[in-house]
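Take a moment to look over the structure shown below, and then follow the paragraphs that lead through a few of its side-chain pairs.

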Amino acid sequence: MRPALAFGVLLGTMALAHAQPSKDPDPRYGVNARVKVHSQTSPKESLKTTLALIDAGQYAYLAAHVLDPKFVDDMVADRAKGFEAGVERELAALREFQRAHPDQVQATDRVPLDPKEFRAAAEQKARELAFKQLLRDIEEKFREDPHALKDLRTILREGKFSEADPTASAGHGTVKGRTLHFKKIGDRWFLENRVAEEPKKEEEPKKEDPKKEP
């Protein structure tokens with residue numbers, strides 16, 4: 001918020017802030033945001049929230065509101081492609097059933113007859129299935145790699161956080177190859193799905209054999 005140019009304006013702004021508390025961000029993938037419960041006010045708070053959500057098995061909230069939204073959206077879009085054909089067949093069959101038995105389904109619940117609306121409904125269903133698949137992938141990742149959680153806890157407890165708004169990183173000397181990266185969007189910090197790459201060693205040029213003739 002820009003600084004008020006007059007004392008009266010400042011008081012008015014403060015009164016408005018008290019009268020209208022900030023609302024939670026919009027839902028994503030059907031998951032409501034609860035920023036007061038799951039804090040993301042700093043990179044460390046976001047990591048703390050991440051671990052708490054994993055411990056509680058709340059992968060849907062983690063993916064919808066704590067992980068980098070672009071990464072999640074890209075992963076969902078990629079996975080959705082594998083569901084679209086099956087979803088379209090399923091919805092087409094359901095549409096034919098509903099046309100044959102119109103009295104058994106409310107008009108508002110029927111599969112759209114309009115081609116564009118049908119396509120939109122199929123894409124939405126495919127995204128929902130893709131998001132659920134992503135949640136299973138995340139859960140499986142932590143189940144198969146328990147050291148990952150241990151490393152995250154070490155970084156949270158003893159790691160060094162370096163912040164350069166709107167980005168930040170965190171790591172620990174004993175946790176090799178797992179530097180965490182964060183990005184700030186609005187007033188919240190999100191955990192990115194990438195780690196620092198180890199610097200590559202430059203290969204020494206091969207020495208030519210002086211005895212070898214050209």
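Is Glu88 buried, partly exposed or exposed? This is a predicted model, in which local features need pLDDT of at least 70 and side-chain atom pairs count only at pLDDT 80 or more, while totals for chains, interfaces and linings use all residues. Residues are numbered from 1 along each chain as its sequence is written, and side-chain values use heavy atoms, with hydrogens and water left out.

Glu88 is partly exposed, with a relative accessible area of 26%, where buried means under 20%, exposed over 50% and partly exposed in between, for a 1.4 Å probe and protein chains only. The side chain of Glu88 meets that of Arg119 in a salt bridge (2.0 Å, N to O), a term for a side-chain nitrogen of Lys or Arg within 4 Å of a carboxyl oxygen of Asp or Glu. Because Glu88 lies in helix H4 and Arg119 in helix H5, the pair ties together parts that are 31 residues apart in sequence; helices here are DSSP runs of H or I with at least four residues, and strands are runs of E with at least two, numbered from the N terminus. Salt bridges that share partners join Glu84, Glu88, Arg119 and Glu123 into one network.

Another salt bridge is formed by Asp137 and Arg79, whose closest N and O atoms are 2.7 Å apart. Asp137 lies in helix H5 and Arg79 in helix H4, so this pair ties together parts that are 58 residues apart in sequence.

Finally, Lys183 and Asp68 meet in a salt bridge (3.5 Å, N to O), which links Lys183 in strand E3 to Asp68 in the loop between H3 and H4, 115 residues apart.
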